[in-house]
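Please brief me on the local features of this model.

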Amino acid sequence: MAVSSSNASANGAESSPKGSPEPLCAIVTPLGMLGYGFEEHLLTDKLDELTKSPMPLAVVMDSGSTDSGPSKLALGTMTCPETSYKRDLTKLIRAVINYHVPVLISSVGGDGSNEHVDLFVEMIKEISASLNCRRELKVLAVYSELSKEVVENKLLAGDISGCGDEVTALTSEEIHATPRILAQMGPEPILNAMQSNPDFDILVAGRAYDPAIFVAFCAINSVKSSSSSFSSLGNNLLGGFYHMGKIMECGGLCATPKSSGATALVYKDGTFDISPLDPAAKCVPLSVAAHTLYEKSRPDILHGPGGYLDLTNTTYEQLPDGTSVRVRGGNFHFSVSEGLSYTVKLEGARVIGFRNLFIGSFKDPILIGQIHEYLEVGKNRCARQHRDMDGKWKLDFHIYGAPERRADGLTSTDEIWNSKEVFIVGEVLADSPTLAKSVASTARVYCSHGAYKGQMATSGNFAFGIGGMTELDVGPCCQFSIYHLMNLRNGEESGHPISNGDGKIAAQDRTLDGLFPWDTIVIRASTSGVAISNDTIPVLETKIATNGVTKRTAQNETKHFQPRDPTTLRDVAKVIRSKNAGPFQLTFDVIFDDPVVYKAVKSSGMLSTDAMAQLFGRSVDEVVYCGFFDQALAFKLTLPRKRGGELSCSGGYMESDVHGSQQYMPLMTLRLTEELRNSLLASDSVRMSQGHLQHNQRV
């Protein structure tokens with residue numbers, strides 16, 4: 001990677017020498033997910049620095065994801081407790097008051113539902129009053145729920161399709177069985193609301209494409225400086241905005257070591273600089289480029305509302321400060337310019353039944369040797385005991401630590417006796433909580449007292465009762481019912497006002513037919529209690545210091561050292577991980593830190609589509625994406641999520657890895673080809689250096 005000769009960084013416009021891009025705005029993101037908790041002093045330190053410049057500045061955060069499964073959408077719950085959101089919102093509102101910077105938050109509550117947008121507005125009112133804010137605050141609330149009538153009309157018009165081949169066709173029945181349907185808005189409604197209220201203080205948005213709120217803040221400043229409309233800003237400029245938003249929505253995860261917050265300095269040509277908030281971390285070209293892969297089906301083409309981001313020609317340059325990276329080359333393609341409709345993704349989930357669990361373990365090696373057959377007998381017994389009961393139900397087992405089930409049904413004696421304990425979770429899905437508990441209880445009793453071949457211990461087979469519970473009623477089982485793309489007519493991607501901030505209905509611009517309404521809420525200045533100056537509302541957290549001096553030492557990047565005799569992929573890669581790429585797909589990343597090793601692995605063919613299909617037991621046709629991303633020295637594989645050979649989605653029945661983060665082991669243990677091993681052994685780049693006698697995988 002080339003190292004830039006520029007002195008510009010995310011530290012502010014003043015550091016940009018003659019000939020550098022002209023700064024447009026700066027964005028600070030203290031954390032990748034509102035509600036998870038962040039260090040307030042890191043935010044205020046950066047605001048102290050950036051507010052010395054007249055450059056437009058905002059604090060921008062995302063708050064939503066489908067990563068944690070469908071329950072939020074189905075039940076109206078939130079990702080974090082209300083107390084966690086209030087804690088983080090209090091810090092942000094102090095920043096609004098003390099620094100006069102706007103705060104923008106999208107996908108509030110995790111799902112971005114209308115009820116959670118309203119709840120966030122109420123929390124902001126409460127916090128403002130508790131801080132005795134002595135000035136008026138203007139809050140914008142942008143909503144993203146759609147009526148079932150709108151969605152059904154689009155379905156009947158043929159304007160809805162599955163978001164991926166794994167998603168089944170939407171039906172009218174699913175629409176009406178789904179309690180709330182959200183459309184993942186693009187930047188346009190957020191931009192519309194800000195343009196109508198340029199003096200706003202806080203913006204809370206419903207479900208939005210993760211980069212959208214970042215793009216909107218950049219766009220409003222670009223539109224002001226160039227007198228252009230959003231759609232005329234150009235592919236390269238918007239490409240930079242979208243790419244920056246894709247990185248920043250996760251905060252400091254693009255840093256090394258991964259951190260919580262980050263800052264982006266965005267330039268008027270779409271170039272941007274990324275740096276971490278934490279002084280103990282830094283951004284380097286590989287860490288920033290590698291984040292492009294994170295939780296996406298592919299690293300080079302990223303689809304979103306109204307088009308796609310092309311990262312094929314991006315570059316990443318280390319800046320002289322050693323902690324910032326300059327990024328160029330993103331290109332955003334509008335769907336309509338290619339003769340396609342503007343699309344938004346619809347999200348919805350519903351309750352499909354009720355779950356009950358029981359947990360415990362087996363220790364007897366005689367039983368462990370026949371554990372799979374034993375549990376199958378238990379399923380059959382439950383079926384006989386419930387054949388006359390009304391309602392449908394399912395029973396299955398999560399089994400941990402058991403010998404693998406061989407095709408011939410035999411297991412070696414050594415393997416059996418080396419399994420000191422097998423832990424199971426029995427999971428029941430039924431039409432009612434009562435039926436679910438009955439099936440779970442019957443299955444648990446069988447596990448405790450069922451007979452098996454060679455039994456010696458006749459008092460009981462099963463260790464259970466963790467937490468004093470025999471069965472665990474875990475409530476409704478939810479499933480994604482809507483995860484589809486919806487075509488929009490021209491103008492439907494926009495927003496429209498509900499009121500003018502005084503409780504009066506706003507005059508509707510009849511030229512707009514936007515699906516996304518926004519409201520303007522004015523929070524009056526506090527007139528009770530002890531007045532606190534806007535400039536002295538205290539930051540409650542203190543910096544960790546030694547002898548009165550805050551420690552701010554950036555760590556050196558840890559180099560991955562390969563062993564003398566590499567045999568598996570884990571011996572030569574720096575990162576091997578898996579993650580959701582939406583509820584219906586799993587994506588895998590392998591990232592290297594040595595170009596020689598990367599090129600050798602890439603040219604070896606060991607990560608070909610055929611090889612990956614065989615490794616994960618899939619057909620070649622099932623592979624969604626398999627390829628390399630040279631900018632990050634990385635390989636990516638994306639597969640449909642499956643369980644028991646059937647397509648599944650995160651959070652559904654018998655899904656035990658909602659986040660998808662524990663599916664990478666086949667890659668970790670993948671053996672290198674002999675030809676590749678010999679090639680790597682001949683290269684100085686993979687030899688242990690300067691007395692390193694033990695590689696990092698053995699620590």
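A polar contact of 2.6 Å links the side chains of Glu 655 and Arg 641. A polar contact here is a pair of N or O atoms within 3.5 Å; within protein, one must be able to donate a hydrogen and the other to accept it, and residues adjacent in sequence count only if both atoms are side-chain atoms. The model is predicted, so local features need pLDDT of at least 70 and side-chain atom pairs count only at pLDDT 80 or more, while totals for chains, interfaces and linings use all residues. Residues are numbered from 1 along each chain as its sequence is written, and side-chain values use heavy atoms, with hydrogens and water left out.

- Glu 655 sits in the loop between β30 (646–647) and α17 (665–668). Helices (H or I, at least four residues) and strands (E, at least two) are DSSP runs, numbered from the N terminus.
- Glu 655 counts as buried at 11% relative accessibility. Buried means under 20% relative accessible area, exposed over 50%, and partly exposed in between (1.4 Å probe, protein chains only).
- Not counting residues up to four places away in sequence, Glu 655 touches Arg 641, Lys 642, Arg 643, Ser 648, Cys 649 and Ser 650. Contact means heavy atoms within 4.5 Å.

**Helix α12**

- Helix α12 spans residues 371–385, 15 residues in total. From first C-alpha to last it reaches 21 Å, close to the 21 Å expected at 1.5 Å a residue. The expected span is 1.5 Å times one less than the number of residues.
- Its buried residues are Ile 371, His 372, Tyr 374, Leu 375, Gly 378, Lys 379 and Cys 382. These cover an arc of only 160° around the axis, which puts them on the same side of α12. The arc is that of the directions from the helix axis to the C-beta atoms.
- The cover over these buried residues includes β16 (342–362), α11 (365–368), β17 (393–400), β18 (422–430) and α14 (433–449).

**Strand pairing around β14**

- β14 (residues 325–328) runs antiparallel to β10 (residues 272–276), and three bridges join them. Two strands pair if DSSP finds at least two bridges between them.
- Phe 272 has Val 327 as its bridge partner in β14.
- β13 (residues 315–318) also pairs with β14 in the antiparallel sense, over four bridges. Here Gln 318 is bridged to Val 325 of β14.
- β13 and β14 form a hairpin with six residues between them. In the turn, Gly 322 has a positive phi of about 80°.

- Val 142 lies in strand β4 (residues 137–142). Its relative accessible area is 0%, so the residue is buried.
- The C-alpha atoms of Val 142 and Ala 208 are separated by 9.8 Å, although the two are 66 residues apart along the chain.
- Beyond four places in sequence, Val 142 has contacts including Val 117, Met 185, Pro 189, Pro 517 and Trp 518.
- Thr 178 lies in the loop between α6 (172–177) and β7 (181–183). At 0% relative accessibility, Thr 178 is buried.
- The side chain of Thr 178 reaches the backbone oxygen of Glu 174 at 2.6 Å.
- Leaving aside neighbours within four places in sequence, Thr 178 contacts Lys 148, Gly 348, Ala 349, Arg 350, Ser 481 and Ile 482.

**Cysteines**

- The whole structure holds zero disulfides. A disulfide is a pair of cysteine sulfur atoms within 2.5 Å.
- Cys 477 is in no disulfide, and the nearest cysteine sulfur, that of Cys 478, is 6.6 Å away. Cys 477 is buried, at a relative accessible area of 0%.
- Cys 133 is buried at 1% relative accessibility.

**Backbone exceptions**

- Most residues other than glycine have a negative phi, and most peptide bonds are trans.
- The peptide bond from Thr 256 to Pro 257 is cis, with omega near -10°. Pro 257 is in the loop between α9 (235–248) and β9 (262–267).
- Ser 107 has a positive phi, near 55°. Ser 107 is in the loop between β3 (103–106) and α4 (114–130), and is buried at 0% relative accessible area.
- Leu 633 has a positive phi, near 50°. Its place is the loop between β27 (625–629) and β28 (634–640). Leu 633 is buried, with a relative accessible area of 10%.
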